[in-house]
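Reader: I'd like to go through a model with you and learn how to read its features one by one. Could you take me through it?

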Amino acid sequence: MWLTALTALITLLYPLAIWYGQGQIEPRWLAGLLLLAAATRLPSLKLGGAARWSVAGAMLLVGCAIWSNLLLPLKLYPVLVNGALLIVFAYSLGAPQSIIERLARLREPDFPPAAVAYTRRVTQVWCGFFLVNGGVALGTALWASDAVWSLYTGVIAYLLMGLLFGAEYLARRRFKRSHHVR
């Protein structure tokens, strides 16, 4: 539990730490933060291939940052995270239960067919979010200033994610009312 909280905290603060450290600390030393983020995910490796690939990708970025002493590999980490989430969510669309349906069934095991279709649509929306968010993160990493990159990946992306969570919550309440689902 505490390891999950530490991972979340590192992930949340990562863009701001990179921005703050830029110009003060060499990128090869800032890579230690990404190494720490990857290390806190090691216990989750038994969960599946996506976790393993995500950690492997992070380690590749760490290696590139140490070798090149450039900030760019470290700025690509949010792109990696969005890419990994996109793969997990998109892959689940080919499974009998989408990832959103699996999560929803943890709270409500009885699922009418309309709810299955709804959760599949929500999974598709999240796929679109991860695709666009990862694309913007890539664009800011390659072509924007470090301050713009940090603002987007450390603040705006989280606000957009919160807005999507909130909008989906409201849509789900409306869906439940209109389909007489508890």
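Predicted model: local features only at pLDDT ≥ 70, side-chain atom pairs only at ≥ 80, totals over all residues.

**Reading the helices and their contacts**

Reader: Is Leu74 buried or exposed?

Author: The general idea is a cut-off: buried means under 20% relative accessible area. Leu74 has 0% relative accessibility, so it counts as buried.

Reader: And what does Leu74 touch, leaving out residues up to four places away in sequence?

Author: Its contacts are Tyr14, Ile18, Pro27, Leu30, Ala31, Leu34, Ala65 and Trp149. Take Ile18 from that list: 56 residues separate it from Leu74 in sequence, yet the two C-alpha atoms are 7.7 Å apart in space.

Reader: Let's zoom out, then. How many helices and strands does the chain have?

Author: Eight helices and zero strands. Read from the N terminus, the order is α-α-α-α-α-α-α-α. The C-alpha trace spans about 60 × 35 × 30 Å along its principal axes, and of the 182 residues in the chain, 34% are buried. As for contacts between residues at least 6 apart in sequence, 66% join residues at least 24 apart.

Reader: How do I read a helix pair? What is the angle between α6 and α7?

Author: You look at the axis angle and the axis distance. Helix α6 (residues 99-107) packs on helix α7 (residues 113-143) at an angle of about 125°, and their axes are 7 Å apart. That angle makes α6 oblique to α7. On the α6 side the contact uses Ile99, Ile100, Glu101, Ala104 and Arg105, while α7 brings in Val116, Thr119, Val122, Thr123 and Trp126. Sorted by class, this contact of α6 with α7 holds six nonpolar, two polar and two charged residues.

Reader: At what angle do α7 and α8 cross?

Author: Roughly 170°, with axes that come within 11 Å. Angles over 145 degrees count as roughly antiparallel, so α7 and α8 are roughly antiparallel to each other. The residues in this contact of α7 with α8 are 20 nonpolar, four polar and two charged.

Reader: Now the rings. How many aromatic pairs does a search of the whole structure find?

Author: Seven. One of them joins Trp126 and Phe165: the pair is tilted, at 5.0 Å centre to centre with 55° between the planes. It also links distant parts of the chain, since Trp126 lies in helix α7 and Phe165 in helix α8 (residues 146-179), 39 residues apart. Trp126 has 6% relative accessibility and therefore counts as buried. Phe129 and Phe130 form an aromatic pair too, edge-to-face, at 5.7 Å centre to centre and 70° between the planes. Both of these Phe residues, Phe129 and Phe130, are buried.

Reader: Which residues form one aromatic cluster?

Author: Phe89, Trp126, Phe129, Phe130 and Phe165.

Definitions and conventions. Residues numbered from 1 in each chain as written. Heavy atoms only, no water. Axes fitted to C-alpha atoms, helices over the stretch in contact; angles between N-to-C directions. Helix = DSSP H or I, 4+ residues; strand = E, 2+ residues; numbered from the N terminus. Parallel < 35°, antiparallel > 145°, perpendicular 65-115°, else oblique. Contact = heavy atoms within 4.5 Å. Nonpolar A, V, L, I, M, F, W, Y, C, P; charged D, E, K, R; others polar. Phe/Tyr/Trp six-rings, centres within 6.5 Å; stacked < 30°, edge-to-face > 60°. Buried < 20%, exposed > 50% of the residue type's maximum accessible area, 1.4 Å probe, protein only.
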